[in-house]
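Please keep the sequence and the model open while reading.

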Amino acid sequence: ELPVRTQFFDLKSKAETQNLSVTEILEKNSFVKEKSVSEPAKWLDQFKSVTHGSLTHKLMQALKYSKNVDALINRWFQIEREEVYRALDFMKGLSEPPLIELIENGHVEMGFSYRESEQIIDGQIDLWGVADGKVWIIDYKTGSVRYREKAFLQLEYYAKALRKSGMIDSDQKIQLSVIYPFSENVFNKTF
């Protein structure tokens with residue numbers, strides 16, 4: 001018997017399907033080609049950047065479930081503590097999207113899979129929920145805002161997953177939001 005997550009979809013056979021993450025699809029079809037990193041110093045900078053992004057996502061998840069976010073900030077962001085508190089203050093003040101309400105009542109770090117042609121698309125939504133009758137899908141970014149269009153493409157895959165799952169009506173408008181907490185930028189779009 002197939003696992004529950006797989007049963008939801010009408011799979012012909014595992015041999016005929018290809019599993020791809022949303023990230024892999026976007027990298028494969030990227031309109032912004034990243035340069036390969038070969039120098040050790042650049043590799044270390046990229047590693048620090050990826051680690052910072054991962055910890056930021058863990059912190060956003062902790063805002064929903066942890067009672068002691070300060071302890072996590074002190075453990076994960078010792079050097080950047082003040083920068084993290086500024087980013088959190090910025091996000092707490094947002095009304096579009098209503099981030100605090102979405103964190104409290106929405107779904108954080110929700111994984112999904114859906115079938116599209118001969119592919120299984122996998123991904124993980126940072127945050128989604130309903131506030132004031134609007135469906136919001138949020139993606140946190142710690143990199144450059146110049147990649148925001150790529151982030152919106154990512155969010156469109158997330159919206160498709162929620163629609164295919166029946167969690168959102170197929171004709172319902174969805175508010176997509178890309179949030180750069182450290183540079184204090186927010187970009188919203190209706191899908």
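Lys189 forms a salt bridge with Glu156, their closest N and O atoms lying 3.7 Å apart; a salt bridge here is a side-chain nitrogen of Lys or Arg within 4 Å of a carboxyl oxygen of Asp or Glu. The pair links distant parts of the chain, with Lys189 in strand S6 and Glu156 in helix H7, 33 residues apart. Salt bridges that share partners join Glu149, Glu156 and Lys189 into one network.

The model is predicted: local features need pLDDT of at least 70 and side-chain atom pairs count only at pLDDT 80 or more, whereas totals for chains, interfaces and linings use all residues. Residues are numbered from 1 along each chain as its sequence is written, and side-chain values use heavy atoms, with hydrogens and water left out.

**Salt bridges**

- By the rule above, the count comes to six salt bridges.
- Glu149 and Lys189 meet through their side chains in a salt bridge of 4.0 Å, N to O. This pair also links distant parts of the chain, from Glu149 in helix H7 (residues 148–165) to Lys189 in strand S6 (residues 185–190), 40 residues apart.
- Glu149 counts as partly exposed at 43% relative accessibility, and Lys189 counts as partly exposed at 30%. Buried means under 20% relative accessible area, exposed over 50%, and partly exposed in between, using a 1.4 Å probe and protein chains only.
- Glu96 forms a salt bridge with Lys134, with 3.8 Å between the closest N and O atoms. Glu96 lies in the loop between H5 and helix H6 (99–105) and Lys134 in strand S4 (residues 134–140), so the pair ties together parts that are 38 residues apart in sequence.
- Glu96 is partly exposed at 42% relative accessibility, and Lys134 is partly exposed at 35%.

**Overall make-up**

- The protein has seven helices and six strands. Helices (H or I, at least four residues) and strands (E, at least two) are DSSP runs, numbered from the N terminus.
- From the N terminus on, the elements run α-β-α-α-α-α-α-β-β-β-α-β-β.
- Of the 191 residues in the protein, 37% are buried.

**Helix H5**

- Helix H5 (residues 81–92) has twelve residues, which at 1.5 Å a residue should span 16 Å; its end C-alpha atoms are 17 Å apart, which agrees. The expected span is 1.5 Å times one less than the number of residues.
- Which residues of H5 are buried? They are Val84, Ala87, Leu88, Phe90 and Met91. These residues cover an arc of only 160° around the axis, which puts them on the same side of H5; the arc is that of the directions from the helix axis to the C-beta atoms.
- An α-helix has 3.6 residues a turn, so residues three or four places apart point the same way.
- Glu82, Arg86, Asp89 and Lys92, on the other side of H5, are exposed.

**Strands S2 and S3**

- Seven of the ten residues of strand S2 (residues 107–116) are buried, so S2 is largely enclosed by the rest of the structure.
- S2 and strand S3 (residues 119–131) run antiparallel and are joined by nine bridges; two strands pair if DSSP finds at least two bridges between them.
- Tyr114 has Ile121 in S3 as its bridge partner.
- The two strands form a hairpin with two residues between them, and Ser117 in the turn has a positive phi of about 55°.

- Glu109 lies in strand S2. Glu109 is buried yet has no salt bridge, and the nearest side chain of opposite charge, Lys141, is 10 Å away. For charge, Lys and Arg count as positive and Asp and Glu as negative; His and the chain ends are not counted.
- The side chains of Glu109 and Gln124 are joined by a polar contact of 2.7 Å. A polar contact is a pair of N or O atoms within 3.5 Å; within protein, one must be able to donate a hydrogen and the other to accept it, and residues adjacent in sequence count only if both atoms are side-chain atoms.
- Gln124 is found in strand S3 and is partly exposed, with a relative accessible area of 40%.
- Gln124 and Val22 are 102 residues apart in sequence, with 8.6 Å between their C-alpha atoms.

**Ser49**

- Ser49 lies in helix H3 (residues 40–65) and is partly exposed, with a relative accessible area of 43%.
- Between the C-alpha atoms of Ser49 and Thr142 there are 8.1 Å, although the two are 93 residues apart along the chain.
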